[in-house]
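Try each one on the structure before reading the solution.

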Amino acid sequence: NRQPQNHEGIMRACREQFPNIRFWEQNFGGWSAQKQIAAFNQAHIVIGAHGANLANMVYMRLNTTVLEYVPGRTGNPCYYGMANRLGLDYRMVVLHGKVQGQVNTVPVPEVLRHISDALSRLQALIR
């Protein structure tokens, strides 16, 4: 499980900071490929820890935002490159001193800043 230790705090802060945005949490274990494809295709912003589920970004629409939690000591830029080639808005939160597989704490203000920037970017694209 790569979910951050402070997952509930992150979700609470997101819902408080952006009350008009629907945040949907999902662990895709047991989901069919078709359901996963639909979920990623419908999302405007996907936030998650570095891992295989982010490969589903291939089904995301152009200009959709991906925010990845990346362990600083063992980070892998594969999803950055993939998002770039797909025309997605890639962002990362580097978890300094952390290694993949550890349960980590993610800095909430940084997550909120990325979401705010991504929402502003999406609104500008719509205009």
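**Exercise 1.** Work out whether Arg-91 is buried or exposed, and what surrounds it.

*Solution.* Start with the area: Arg-91 has a relative accessible area of 14%, so it counts as buried (under 20%, with exposed over 50% and partly exposed in between, using a 1.4 Å probe and protein chains only). Before going on, note that this is a predicted model, where local features need pLDDT of at least 70, side-chain atom pairs count only at pLDDT 80 or more, and totals for chains, interfaces and linings use all residues. Residues are numbered from 1 along each chain as its sequence is written, and side-chain values use heavy atoms, leaving out hydrogens and water.

(Strands are DSSP runs of E, at least two residues; helices are runs of H or I, at least four; both are numbered from the N terminus.) Finally, list contacts (heavy atoms within 4.5 Å). Beyond its neighbours within four places in sequence, Arg-91 touches residues including Thr-65, Leu-67, Glu-68 and Asp-117.

**Exercise 2.** Find the order of the strands in the sheet, and its edges.

*Solution.* The sheet is open, with three parallel strands ordered 1-2-3. Strands 1 (45-49) and 3 (89-95) are the edges, each pairing on one side only. Pairing takes at least two DSSP bridges; strand 1 and strand 2 (residues 65-71) share five.

**Exercise 3.** Which residues of helix 2 are buried?

*Solution.* In helix 2 (residues 33-42), they are Gln-36, Ala-39 and Phe-40. Strand 1 is part of what covers them. On the face turned away, Gln-34 and Gln-42 are exposed.
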